[in-house]
Amino acid sequence: RTYEAHYELVAADSETARHLRQARGMRSCTLENVRQRATSVYASYAPLQFLRYWTELWRTYEDCMGGRACDVDREQHRLTTAAHMVAPRQKYLAPRPTKRLRLSAAAAVAAATPRPKRRRAGGRG
């Protein structure tokens, strides 16, 4: 079986709205407009928008815990719940579209696209 990954869609839920409000400073982000806000914020990372969002989200979690999730005491994991989550605003910069970034994104898409089977010479399958 071949599984294709779709990373162009960012979650549109309360955690995404919280992240955009706290870490990105988007005070007007609500559940009603979170999909639109997330789409505009992460558009420059296409086709890997979700991966960028997820990386940012986990960095804020790990900042609150005081280290990488795999390295900190399990008691620190509770700090990533909404009741304890107060993430400082981050200075995220939009990526500059470099040739390398365009090529790596194109390579990721090409690798995920199934190729048609080639026919052998002589008409056999």
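Good morning. I begin with helix H3, where Gln49, Arg52, Tyr53, Glu56, Leu57, Thr60, Tyr61 and Met65 are buried. Please bear in mind throughout that this is a predicted model.

What do these buried residues pack against? Their partners are helix H1, residues 14-22, and helix H2. The spacing of such residues can be read against a general rule. An α-helix has 3.6 residues a turn, so residues three or four places apart point the same way.

Let me turn to the length of H3. The helix has 17 residues, and at 1.5 Å a residue it should span 24 Å; the C-alpha atoms at its ends are 25 Å apart, which agrees.

Next, the packing of H1 on H3. Two packed helices are described by the angle between their axes and the distance between the axes. For H1 and H3 the angle is about 70 degrees, and the axes are 11 Å apart. H1 is therefore roughly perpendicular to H3, as the range for that term runs from 65 to 115 degrees. On the H1 side, Glu15, Thr16, Arg18 and His19 take part; they meet Tyr53, Glu56, Leu57, Thr60 and Tyr61 of H3. By class, this contact comprises three nonpolar, three polar and three charged residues.

Glu56 lies in H3. Is Glu56 buried or exposed? Its relative accessibility is 0%, so Glu56 counts as buried, the limit being under 20%. Which side chains does Glu56 contact through polar atoms? One is the side chain of His19, in a polar contact of 3.0 Å. Another is the side chain of Tyr42, at 2.7 Å.

I now move to the two ends of H3. The peptide bond leading from Ala46 into Pro47 is cis, its omega being near 5 degrees. Just after H3 comes Gly66, with a positive phi of about 90 degrees. For background, most residues other than glycine have a negative phi, and most peptide bonds are trans.

Finally, a residue of H2, namely Thr39. Thr39 has a relative accessible area of 52% and is therefore exposed, the cut-off being over 50%. A polar atom of the Thr39 side chain lies 2.7 Å from the backbone oxygen of Arg35. Thr39 and Glu8 are 31 residues apart along the chain, while their C-alpha atoms are separated by 9.1 Å.

Thank you for your attention.

How values were computed:
Residues numbered from 1 in each chain as written. Predicted model: local features only at pLDDT ≥ 70, side-chain atom pairs only at ≥ 80, totals over all residues. Heavy atoms only, no water. Helix = DSSP H or I, 4+ residues; strand = E, 2+ residues; numbered from the N terminus. Expected span 1.5 Å × (residues − 1). Buried < 20%, exposed > 50% of the residue type's maximum accessible area, 1.4 Å probe, protein only. Contact = heavy atoms within 4.5 Å. Polar contact = N/O pair within 3.5 Å; in protein donor to acceptor, adjacent residues only side chain to side chain. Axes fitted to C-alpha atoms, helices over the stretch in contact; angles between N-to-C directions. Parallel < 35°, antiparallel > 145°, perpendicular 65-115°, else oblique. Nonpolar A, V, L, I, M, F, W, Y, C, P; charged D, E, K, R; others polar.
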